[in-house]
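Student: Hey, can you walk me through this structure? I'm new to it.

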Amino acid sequence: MFRSRPLLLSLLLGTALSLEPARAQGSAPPSPPPPATAPQSGPLSLNDLLLALRTAPGWRAADLTYRAAQLTLQSARTRAGLSVSAGADGALNRVPWDGGEWKGSGTLTVIASLAVLPWSPAFEGVRSAERALAAAALTLRAERASLTAQLFQAYAGVRQAQSALTAAQAQTTLAARVLTITQAQQTQGLQTGAGVLERQAALEGAQAAEAQATRAVTQAQQAITRLLGTAVTLAPTSSLPDLTPAGDLPALLARALAQRPEVNRARAAVGDAQAGRAASALDARLPDLSAGVRAGQLADAQGNPGRTVSATLNVKAGVLGAQVSVPLRDTSAAVTGVALSLSASLPLLGRPQDTALAQAELGLAQAALALEAAQQGAELEVRTRFMALEDERSGLPAAQTRQAAAALAVQNARARLDAGLGTALDVAQAELNLLQADQALTAARDRITLAGLALAQSTADLDPLLLTLPPTPLPTGGRP
């Protein structure tokens, strides 16, 4: 019959608070265990994690990929530069076989070559490697930005998991107090056994939720361990920095099209395809033309050359070559002179150049379509993340209102307690609701920050190296 009298029941609950035993505190599970043994001397802040990320496996792998592109460019420049080589050959002759004498001869040769014409494949190789290196630089920044975004998400996940654990522990404590009060009421004949079992089930459910929250904290910390490649001790107390890029949607789209790595890789592919088409067209138009000059001791009585200097120019390949030959024998009898040569070859039937030109034009069309698809994909991602940021921002006022309402409810509960119209249990429940509202507001702000971070990543404005500098305004409009 006391259930129909809430005021009397509230008074009874208030008087029963003094009967809370120590078992209510002992019923909660232990705090979450610390993560695996970390080499750090203390908990790491967000800035410490950003610095540690530079030694992570993913970061180093991105650096090595960029280094490979640098070496490719260096190799291409080496092939396009002056090439000098030296060689030697020897021969041992016996003429005639019957009665002849063995005579040996040897020649030292120095050969040099240099690409001189602008359409030389060596020069085009350098230009292609330069385009690839520029795209690799943007890819490197994008990979670093991706790792940084993953670290921010994992850090926010740890913050959220620890907040959920705090709320679960508070819920467990409150459920234990309610169970204690219910048991006290049972001893006074004011509560039934079914009511005690119901409160016991509520406590067990809260304990299970707390254990689950503990495991969630461990799992969230393991996500950061996977990124860094080593176990760390965290101190996720600082708020996430605002890295939302500045500018309206058209400006964000323009920066994305100029900076996104996949768009620049597609542009580099178009450049390569254009160069391939130009080379194929040149190959189809120009004959295989070579000009040469040779001066010095052209031949002796036996037709063997002496000391000579020669040069050749391959017009189609655009390569100038020079050669110096010095026989290791007496060449005084050789006749000196100059010899000029010119050779040209132009296929008349079975020309593969026409097919190669058609294939090059087809490759250029495919590269242009790939560039268009990359640009459309970049635009779609920026628009999607821009709208996601707007959606997260639109939900912030409601979370702020709920937090203000929860704070007002705590004040009202305390006022009712002071007036004798409420109980300490009502105050504890209101404080738990306020804690959950505070955590919901913090989570909403973190979601806005992560949405802004994702937008900065999609526009390629996120520069991870700037995040570990002193707090100054970033080009993206945020502050580290």
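Predicted model: local features only at pLDDT ≥ 70, side-chain atom pairs only at ≥ 80, totals over all residues.

Student: Okay, how many helices and strands does the chain have?

Tutor: There are 11 helices and six strands. Those are DSSP runs numbered from the N terminus (helices are H or I, at least four residues; strands are E, at least two).

Student: What order do the strands of the sheet come in?

Tutor: It's an open sheet of six strands, ordered E1-E2-E5-E4-E3-E6, and the pairing is antiparallel. Two strands pair if DSSP finds at least two bridges between them. The edges are strand E1 (83-95) and strand E6 (335-345), each of which pairs on one side only.

Student: How many bridges are there between E1 and E2?

Tutor: E1 and E2 (residues 101-115) are joined antiparallel over 13 bridges. Ser-85 has Ile-111 of E2 as its bridge partner, and Asp-89 sits opposite Thr-107 in E2.

Student: Let's zoom in on Thr-109. Is Thr-109 buried or exposed?

Tutor: Thr-109, which is in strand E2, has 12% relative accessibility, so Thr-109 counts as buried. Buried means under 20% relative accessible area, exposed means over 50%, and partly exposed is in between (1.4 Å probe, protein chains only).

Student: Which residues does Thr-109 touch?

Tutor: Leaving out residues up to four places away in sequence, Thr-109 touches Ser-85, Ala-86, Gly-87, Asp-89, Gln-323, Val-324 and Ser-325. A contact here means heavy atoms within 4.5 Å.

Student: New spot: where is Gly-296?

Tutor: Gly-296 is in strand E3 (residues 288-299), and counts as partly exposed because its relative accessibility is 23%. Gly-296 and Thr-336 are 40 residues apart in sequence, with 5.1 Å between their C-alpha atoms. Beyond residues up to four places away in sequence, Gly-296 touches Arg-307, Thr-308, Val-335, Thr-336 and Gly-337.

Student: Switching to helices, at what angle do H8 and H9 pack?

Tutor: Helix H8 (residues 261-285) and helix H9 (residues 352-394) pack at about 165°, with axes 8 Å apart. Therefore H8 is roughly antiparallel to H9. Angles under 35 degrees count as roughly parallel, over 145 as roughly antiparallel, 65 to 115 as roughly perpendicular, and the rest as oblique. The axes are lines fitted to C-alpha atoms over the stretch in contact, and angles run from 0 to 180 degrees between N-to-C directions.

Student: Last one: what's the phi of Ala-460?

Tutor: Ala-460 has a positive phi near 65°, and the residue isn't glycine. In general, most residues other than glycine have a negative phi. Ala-460 lies in the segment after helix H11 (424-458) and counts as buried because its relative accessibility is 15%.

Student: And how much of the whole chain is buried?

Tutor: Buried residues make up 33% of the chain's 480 residues.

Terms used: Residues numbered from 1 in each chain as written. Heavy atoms only, no water.
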